[in-house]
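Take a look at the fold below. Start with the strands, then turn to the charged side chains.

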Amino acid sequence: MSRRLSVVMIAKNAADLLPDCLASVAWADEIVVLDSGSEDDTIGIATRAGAKVFSSAEWPGYGIQRQRAQRYANGDYILMIDTDERVTPELAQTLRAVLDAPQPGAVYSIARRNYFLGRFMRHSGWYPDRVTRLYERERYQYNDNLVHESLEAPKAQVIALSGDLLHLTCRDFFSFQRKQLNYAAAWAQERHQRGKKTSLPGIFAHTLGAFCKTLLLRGGVFDGKQGWLLAVVNAQYTFNKYTGLWALNHGYSEKE
């Protein structure tokens, strides 16, 4: 007997992204959308598409928000996706096959094809970019991380699925940069709260390392001009993270 699937997502001001995302998973048994204070038509679009829509204006961070969203689901399995992601037909076929004969206790990883300034990247650490997104609802959930959250399933068998999840990571450069800056701030705050520290040499070592890793070790040079640009962007993001942590360590923050 096929297991029931709940597609779960968190959303905010995603009216331009949501229709294609919802259409790609319309075959699921249910779709759960947890909105966090949208000011556009996100809630209306999700409701008209038949999704179960809930609201939570308080923002506790990505990990806890995903936990909250999962609690509204009723399926046997959860597929956790974002509004800027789309399930390809090949992946949908693979998911349905898994639901027909799942491996008890296993979790399933999916390859993401990430879009950056007009190109779906094939290298640069952005493909296959496997993420664990399909899992048993009653057995697993996401961790509490404010950002860069992940599924808590340390002892589970991870099975790689065929088919890609399209991720519209960067359609607009400035919107992407604002999002990256928010991620860096949350990362620095979380590490600071955990007592982590960094130094000026550490900042520059991590920054240079991010550039070289993206361009050389992860083959960004084979992604053409987007590969070079992404290497710089990743270095900038890393610089912002560690400089933010350094500033918090030294009390150079109005929020402290």
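This is a predicted model: local features need pLDDT of at least 70, side-chain atom pairs count only at pLDDT 80 or more; totals for chains, interfaces and linings use all residues.

Begin at strand β2, residues 30–35. Six of its six residues are buried. In a regular strand the side chains alternate between the two faces of the sheet. In β2, both faces are covered. Glu-30, Val-32 and Leu-34 lie on one side, and Ile-31, Val-33 and Asp-35 on the other.

Next, the neighbours of β2. Strand β1 (residues 5–11) pairs with β2 in the parallel sense over six bridges. Ser-6 stands opposite Glu-30.

Now the charges. Side chains of opposite charge can pair when their charged atoms come close. The model has 16 salt bridges. One of them joins Asp-41 and Arg-48 at 2.6 Å, N to O. Asp-41 counts as partly exposed because its relative accessibility is 35%. Arg-48, at 61%, counts as exposed.

Glu-149 and Arg-66 form another, at 2.7 Å. Glu-149 sits in the loop between β9 and β10 and Arg-66 in helix α3, so the pair ties together parts 83 residues apart in sequence. Both residues are buried.

Lys-179 meets Asp-84 at 3.9 Å. Lys-179 belongs to helix α5, Asp-84 to the loop between β4 and β5, 95 residues apart. Lys-179 is partly exposed, at 35%, whereas Asp-84 is buried, at 8%. Finally, Glu-85, Arg-112, Asp-129 and Arg-133 are linked in a salt-bridge network.

Notes
Residues are numbered from 1 along each chain as its sequence is written. Side-chain values use heavy atoms; hydrogens and water are left out. Buried means under 20% relative accessible area, exposed over 50%, partly exposed in between (1.4 Å probe, protein chains only). Helices (H or I, at least four residues) and strands (E, at least two) are DSSP runs, numbered from the N terminus. Two strands pair if DSSP finds at least two bridges between them. A salt bridge is a side-chain nitrogen of Lys or Arg within 4 Å of a carboxyl oxygen of Asp or Glu.
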